[in-house]
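Look at the chain as a whole before picking out single residues. Then follow the paragraphs below, one region at a time.

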Amino acid sequence: MGVRVVRLGSPRVTGEGLRVGTVRRPPRGVPKMQFAKQNWYDVWFPNLAPSVETMKLGLGATSPAQWSVFMKKYKAEMAAPAPKHDLVLLAALSHTTNFSVGCYCEDENHCHRSILKQLLITNGAKVK
């Protein structure tokens with residue numbers, strides 16, 4: 001049992017379970033009926049995606065200082081009651097089933113999913 005943090009669109013691993021897209025927007029040019037078949041995601045869950053403003057900060061971060069600003073802003077968004085509740089829920093589910101969460105970014109270290117992974121662990125998730 002546990003949660004994996006993945007790049008959406010990448011091949012699924014055996015036993016990965018439900019793939020949850022923690023992204024602000026669906027994949028461009030992909031018909032909705034193809035999202036799961038093309039390994040994007042099974043369920044869209046934008047609740048844990050950065051806001052558009054914060055996402056722009058992350059995408060534009062070219063220095064450690066800029067990345068730090070993005071991290072602080074995203075963590076502050078995830079500390080609000082609704083996203084915090086979602087994190088606690090996913091952390092609890094990670095002890096009873098396999099699933100994955102992810103984003104489109106190529107480099108996990110320069111993506112909100114690296115921070116999301118930390119937040120899930122902080123909330124007690126079993127991360128694979």
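A residue is called buried under 20% relative accessible area, exposed over 50% and partly exposed in between, with a 1.4 Å probe and protein chains only. By that rule Val13, at 40% relative accessibility, counts as partly exposed. This is a predicted model, in which local features need pLDDT of at least 70 and side-chain atom pairs count only at pLDDT 80 or more, while totals for chains, interfaces and linings use all residues. Residues are numbered from 1 along each chain as its sequence is written, and side-chain values use heavy atoms, with hydrogens and water left out.

Start with the loop between β1 and β2, where Val13 is found. Helices (H or I, at least four residues) and strands (E, at least two) are DSSP runs, numbered from the N terminus. Val13 and Val3 are 10 residues apart in sequence. In space, their C-alpha atoms are 12 Å apart.

Glu16 lies in the loop between β1 and β2. Is Glu16 buried or exposed? Glu16 counts as buried, because its relative accessibility is 3%. Its side chain makes a polar contact with the side chain of Arg19, at 2.7 Å. A polar contact is a pair of N or O atoms within 3.5 Å; within protein, one must be able to donate a hydrogen and the other to accept it, and residues adjacent in sequence count only if both atoms are side-chain atoms. Glu16 also has contacts (heavy atoms within 4.5 Å). Leaving aside neighbours within four places in sequence, Glu16 touches Arg4, Val6, Pro11, Asn98, Phe99 and Ser100.

Move on to the loop between β2 (18-21) and β3 (43-44), which holds Lys32. Lys32 counts as exposed, because its relative accessibility is 69%. The C-alpha atoms of Lys32 and Thr14 are separated by 23 Å, and the two residues are 18 apart along the chain. Asn39 is also placed in the loop between β2 and β3. Its phi is near 65°, a positive value in a residue other than glycine.

Now turn to the nonpolar residues. In soluble globular proteins, nonpolar side chains tend to be buried together. A nonpolar core is a set of buried Ala, Val, Leu, Ile, Met, Phe, Trp, Tyr and Cys residues joined through side-chain atoms within 4.5 Å. Which members of the largest core touch the most other members? They are Tyr74, Leu87, Val101, Leu116 and Leu120, out of 19 residues. At least two residues of this core come from each of β1 (2-7), α2 (64-78), α3, β4 (98-103) and α4. A second, separate core has 7 residues, including Leu8, Phe35, Tyr41 and Cys111.

Next, see how two helices pack. Helix α3 (residues 81-93) and α4 meet at an angle of about 70°, and their axes are 9 Å apart. That makes α3 roughly perpendicular to α4. Axes are lines fitted to C-alpha atoms, for helices over the stretch in contact, and angles run from 0 to 180 degrees between N-to-C directions. Angles under 35 degrees count as roughly parallel, over 145 as roughly antiparallel, 65 to 115 as roughly perpendicular and the rest as oblique. Leu87, Leu90 and Ala91 in α3 meet Leu116, Leu119 and Leu120 in α4. By class, this contact has 6 nonpolar, no polar and no charged residues. Here Ala, Val, Leu, Ile, Met, Phe, Trp, Tyr, Cys and Pro count as nonpolar, Asp, Glu, Lys and Arg as charged, and the others, Gly among them, as polar.

Asn123 sits in the segment after α4 (112-122). Its side chain reaches back to the backbone oxygen of Leu119, at 2.8 Å. Beyond its neighbours within four places in sequence, Asn123 is in contact with Lys84, Leu87, Val88 and Ala91.

Finish in the loop between β4 and α4, where Asp107 lies. Asp107 counts as partly exposed, at 42% relative accessibility. A polar atom of its side chain lies 3.0 Å from the backbone nitrogen of Asn109. Asn109 lies in the loop between β4 and α4. Asn109 is exposed, with a relative accessible area of 63%.
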